[in-house]
Amino acid sequence: MDHSKHSQYPSADKTDSGDTGGSSGSHRAAASVMESWKEERTRSVEDNEMSLPSLAAAYTTILRGLGEDPQRQGLLKTPWRAATAMQFFTKGYQEKIIDVLNDAIFDEDHDEMVIVKDIDMFSMCEHHLVPIFGRVHIGYLPNKRVLGLSKLARIVEIYSRRLQVQERLTKQIAVAITEALQPTGVGVVIEATHMCMVMRGVQKMNSKTVTSTMLGVFREDPKTRDEFLTLIRS
Ligand SMILES: [Zn+2]
């Protein structure tokens, strides 16, 4: 992994932007998210159909505001296409974590670290509405329960296909796994490129933002954490 900004991982919840208030609040934050994820679904397929015309109209306004002519041949269908695309980019609002977990949690006497790394992630920066993309690495130490491996990627998908900041995305994934499995520990590391950083401002092509959330033994035991970080780098 090649990070131009940071060469080492933080030991707890941290981000390289350094503005999210340190690591001491993570257990409390975990508790507050805890009861919400089981119910959350803020959009339905019907909502998509209903809101498509107004979304498309908004994109027509954007085109005009940019000095373009929405009647120009190449742009005739653009508002509709852009609206449909934006709904797809945010389809995580249509799903609930609980639906993914149904029938996917198994009792298993496995107590070795489970790691799934290099999960592709595409999200949208909630400050600029432009893409964030990168890779997610997840590890956990089971405590009698394991999750179907493909479900880890599905959890990433649901939370990333929403308007996000990388720090929250990282924590939501870790908390969802913690609640679902009550494992001995969980570690989530995300390395991502923010188009709002790459295309504007400093325009650093290769700058990556690395965030991590460590819970349970991943937070408390440096050996466990190091094993995880070494395995996701190998
Ligand atoms: Zn941004």
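User: Before we start, what are the ground rules here?

Analyst: Residues are numbered from 1 along each chain as its sequence is written, and side-chain values use heavy atoms, with hydrogens and water left out. Since the model is predicted, local features need pLDDT of at least 70 and side-chain atom pairs count only at pLDDT 80 or more, while totals for chains, interfaces and linings use all residues.

User: How do you know which residues coordinate the zinc ion?

Analyst: Donors are N, O and S atoms within 2.8 Å of the metal (3.2 Å for Na, K and Ca), and water is not among the atoms, so sites may look incomplete. Cys-125 (SG), His-128 (ND1) and Cys-196 (SG) coordinate the zinc ion at 2.1 to 2.2 Å, so they pass that cut-off. Along the chain, the donors follow the spacing C-x2-H-x67-C. His-128 lies in the loop between strand 3 (114-125) and strand 4 (131-141) and Cys-196 in helix 7 (residues 195-198), so this pair ties together parts that are 68 residues apart in sequence.

User: Why is Cys-196 called buried, and what is His-128?

Analyst: Buried means under 20% relative accessible area, exposed over 50%, and partly exposed in between (1.4 Å probe, protein chains only). Cys-196 has 8%, so it is buried; His-128 has 36%, so it lands in the partly exposed class.

User: What makes helix 5 and helix 6 oblique to each other?

Analyst: Angles run from 0 to 180 degrees between N-to-C directions, with axes as lines fitted to C-alpha atoms, for helices over the stretch in contact. Under 35 degrees is roughly parallel, over 145 roughly antiparallel, 65 to 115 roughly perpendicular, and the rest oblique. The axes of helix 5 (residues 149-160) and helix 6 (residues 166-181) come within 10 Å and cross at roughly 140°, so this pair is oblique. The contact (heavy atoms within 4.5 Å) includes Leu-152 and Ile-155 of helix 5 and Leu-169 and Ile-173 of helix 6.

User: And why is helix 2 oblique to helix 3?

Analyst: Helix 2 (residues 45-65) and helix 3 (residues 78-89) pack at about 125°, with their axes 8 Å apart, so that angle makes helix 2 oblique to helix 3.

User: Why is Asp-103 called exposed, and where does it lie?

Analyst: Asp-103 has a relative accessible area of 77%, so it counts as exposed. Its place is the loop between helix 4 (97-101) and strand 2 (105-107). Asp-103 also has a positive phi of about 65°, although it is not a glycine.

User: What about Gln-182?

Analyst: Gln-182 has 49% relative accessibility, so it counts as partly exposed. Gln-182 lies in the loop between helix 6 and strand 7 (185-194), and its phi is near 40°, a positive value in a residue other than glycine.

Conventions. Helices (H or I, at least four residues) and strands (E, at least two) are DSSP runs, numbered from the N terminus.
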